[in-house]
Amino acid sequence: MNINFTYIPGDGIGPEVGDAAMTVLEAMTAKFGHSLEAEFHLVGGAAIDAKGEPLPAETFDSCKRTGAILLGAVGGPKWDHLKGADRPELGSLLPLRKNLNLYANIRPCKPFPALIDKAPLKRERLEGTDFVVMRELTGGIYFGDKGRDESGAFDVCRYSESEVRRIAVKAFDLAMTRKKKVTSVDKSNVLETSRLWREVVIEVAKDYPEVEVEHLLVDAMTMHMLTYAQDYDVILTENMFGDILTDEASVLCGSMGVIPSASVSDGKTGMYEPIHGSAPDIAGQGKANPLAMILSAAWMLRLSFGLDKEAAAIECAVEAALEARQTTGDLGGKLNTSDVGDWIARNV
Ligand code: ATP
Ligand code: MG
């Protein structure tokens with residue numbers, strides 16, 4: 001198969017972890033007899049510096065054409081003085097998500113056995129944890145009207161029934177391929193959007209009689225997630241709650257540097273990126289852990305190209321690297337970013 005995708009290394013450590021992921025993808029294509037056609041493009045700070053805008057038209061066109069995007073990280077202190085849509089993040093990531101209709105953000109939470117003792121929670125609390133957060137990504141308070149008036153400031157939170165329905169369907173479909181449980185998280189004791197959310201989820205659930213459903217308030221969920229992590233399968237929630245809960249979930253996995261994410265639409269369009277940011281404090285030093293980026297590339301193979309075996313081969317090599325302690329300093333190893341990429345490439 002010709003694997004044609006848009007490769008956007010981005011800012012900070014993005015290009016470093018991106019190089020490592022590309023090395024692994026090349027090794028995978030050689031092994032499985034595919035060909036790789038990466039379209040290299042700029043977004044965020046790198047695009048502002050080179051083209052004067054955070055999301056150049058040619059970048060967007062490539063993303064739209066390939067429908068598969070591998071992204072490193074966006075932003076950094078160099079561009080902190082910019083405002084609103086001139087900022088790297090607001091000017092590139094949000095419009096990309098919205099215009100490509102990437103309404104479902106998926107983040108796994110399954111601690112690697114080799115890292116279980118690095119998490120701040122006790123082993124008994126973590127063993128067997130294997131859930132996925134399905135976060136709505138193109139609606140809610142992040143996209144509502146915002147502004148200032150005489151009395152202060154406001155952000156409007158809005159959800160349509162169809163926006164809730166399509167993300168709920170994604171969550172139930174995913175649960176059917178897993179442990180068949182959906183935990184829907186809202187704040188329906190206070191918010192009207194949450195009341196609609198809960199009504200629609202209850203309705204969608206009727207089409208999935210095999211799936212166990214529970215509804216939890218978000219404040220309770222922040223506690224339950226760390227206390228009963230093993231109980232969950234698919235956690236379904238709206239944009240802002242999902243933003244907060246996914247960062248909380250990353251604590252269970254021991255390190256930010258190992259967690260990939262996928263933002264997907266209907267069909268095979270998807271954007272794949274590590275959950276960590278551009279890490280300006282370590283950029284350019286070869287210290288960045290490339291595992292999250294490498295695992296994001298594996299997800300791209302699986303979700304946008306249907307290449308399950310190839311994705312699994314990369315995931316196994318990542319696990320082997322962790323077991324063999326062939327890691328960067330954040331995980332206690334001695335390798336630099338590209339050494340880790342090379343080791344995994346050899347072991348795909
Ligand atoms: P952003 O606003 O882009 O999300 P941030 O400052 O909020 O940036 P990160 O860039 O994710 O967050 O960095 C948080 C901390 O984690 C930093 O100290 C950084 O060095 C560290 N870190 C992030 N990613 C990695 C990685 N891949 N390998 C090693 N350390 C990392
Ligand atoms: Mg951050």
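How many residues does H11 have, and how far does H11 reach from its first C-alpha to its last? The legends below take up this helix and its surroundings in a predicted model.

**View 1. Helix H11, end to end.** H11 has 16 residues. From first C-alpha to last, H11 reaches 22 Å. That is close to the 22 Å expected at 1.5 Å a residue. Just after H11 comes Arg325, with a positive phi of about 55 degrees.

View 2. Buried in H11 are Glu310, Ala311, Ala313, Ile314, Ala317, Val318 and Ala321. These residues sit on the same side of H11 because they cover an arc of only 160 degrees around the axis. The face turned away from this buried side carries exposed residues: Asp308, Lys309 and Glu323.

**View 3. Helix H10, mostly covered.** H10 has 15 residues. It reaches 20 Å from its first C-alpha to its last, close to the 21 Å expected at 1.5 Å a residue. Of its 15 residues, 12 are buried. The buried set includes Leu291, Ala292, Met293, Ile294 and Leu295. Ser296, Ala297, Ala298 and Trp299 are buried too. Gly306 follows H10 and has a positive phi, near 65 degrees.

**View 4. Where domain 1 touches domain 2.** The protein chain is divided into two parts: domain 1 (1-100 + 269-348) and domain 2 (103-256). Their C-alpha centres lie 24 Å apart. At the contact, 10 residues of domain 1 meet 10 residues of domain 2. On the domain 1 side, helix H4 (88-99) and helix H11 (308-323) are the elements that give two or more residues. H11 gives the most, with 3 residues. By class, this side of domain 1 has 3 nonpolar, 2 polar and 5 charged residues.

**View 5. The shell around ligand 1.** Which residues are the closest to ligand 1? They are Gly257, His276, Gly277, Ala279 and Asn289. In total, 16 residues surround ligand 1. By class, this shell has 8 nonpolar, 6 polar and 2 charged residues.

Conventions. Residues are numbered from 1 along each chain as its sequence is written. Chains are lettered from A and ligands numbered from 1 in the order in which they are written. This is a predicted model: local features need pLDDT of at least 70, side-chain atom pairs count only at pLDDT 80 or more; totals for chains, interfaces and linings use all residues. Domain bounds come from an automatic or database domain assignment. Two residues are in contact if their C-beta atoms, placed from the backbone, lie within 7 Å. Helices (H or I, at least four residues) and strands (E, at least two) are DSSP runs, numbered from the N terminus. Ala, Val, Leu, Ile, Met, Phe, Trp, Tyr, Cys and Pro count as nonpolar, Asp, Glu, Lys and Arg as charged, and the others, Gly among them, as polar. A residue is near a molecule or strand if its C-beta atom, placed from the backbone, lies within 6 Å of it. The expected span of a helix is 1.5 Å times one less than its number of residues. A residue is buried if 20 or more other C-beta atoms lie within 10 Å of its own, exposed if 12 or fewer, and partly exposed in between; C-beta atoms are placed from the backbone. The arc is that of the directions from the helix axis to the C-beta atoms.
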